[in-house]
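My notes follow in the order I made them.

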Amino acid sequence: MLDEKRIRQMTKLAFFEKKEEKNALRIGRYFRSDYIGKELLKNFFLASIGYILVLAVAVLYHIEWLLDEIDTIDLQFAAGCLIASYLCFLAVYSIAVYVISTIRYQRAQKKLKWYGKELDDLQNMYEEQEKSGKKSGRRRKET
């Protein structure tokens, strides 16, 4: 006989697995520091690429002025400004990524804690059914 309560529990768990497959279950494989470190490393490369692209667009937009004024521009000062702006951009973006990654990790851990509790409940349902002597439909381990 099928146990409706157990079927509802398994369905709820299957929906969770399908919905959270790319989020909580993936994040849950990491320790907190590893996950945040991975996100910060990814952030470094993406922020660098983004900064270079924005800089390229700005240079292309002002190319005529740059070619006219190339002789009068203090290149050391300009390079210092570019490096300082890059470091500020990277710092602000890294702080934002750190905060967002920490929040995502905490939410994933909360969901995984709920998931573990629900799996334990399902296991308890199977054990109760086996204690009562009913056939559970579950294969037993052969020894």
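Entry one. I began with Glu 39, which counts as buried at 8% relative accessibility, because the cut-off for buried is under 20%. I note that the model is a predicted one. I found Glu 39 in helix α3, residues 32–61. Leaving out residues up to four places away in sequence, I listed Val 97 and Ser 101 as what Glu 39 touches.

Entry two. I looked up the salt bridges of Glu 39. One is with Lys 38, with the closest N and O atoms 2.9 Å apart. Lys 38 is partly exposed, at a relative accessible area of 28%. Another joins Glu 39 to Lys 42 at 3.5 Å, N to O. Lys 42 and Glu 39 are three residues apart in helix α3, so about one helical turn separates them. I put Lys 42 down as partly exposed, at 41% relative accessibility.

I searched the whole structure and got six salt bridges. Lys 12 and Glu 118 form a salt bridge at 3.3 Å, N to O. Lys 12 is in helix α1 and Glu 118 in helix α5, so this pair ties together parts 106 residues apart in sequence. Glu 118 is buried at 6%, while Lys 12 is partly exposed at 38%. I also noted a network of salt bridges linking Lys 12, Lys 117, Glu 118 and Asp 121.

Entry four. How do the axes of α1 and α5 cross? They come within 10 Å and cross at roughly 155°, so the two helices are roughly antiparallel to each other. The crossing of α1 and α5 is left-handed. By class, their contact has nine nonpolar, two polar and seven charged residues.

Key. Residues numbered from 1 in each chain as written. Predicted model: local features only at pLDDT ≥ 70, side-chain atom pairs only at ≥ 80, totals over all residues. Heavy atoms only, no water. Helix = DSSP H or I, 4+ residues; strand = E, 2+ residues; numbered from the N terminus. Contact = heavy atoms within 4.5 Å. Axes fitted to C-alpha atoms, helices over the stretch in contact; angles between N-to-C directions. Parallel < 35°, antiparallel > 145°, perpendicular 65-115°, else oblique. Left-handed = near helix turned anticlockwise from the far one by under 90°. Nonpolar A, V, L, I, M, F, W, Y, C, P; charged D, E, K, R; others polar. Salt bridge = Lys/Arg side-chain N within 4 Å of Asp/Glu carboxyl O. Buried < 20%, exposed > 50% of the residue type's maximum accessible area, 1.4 Å probe, protein only.
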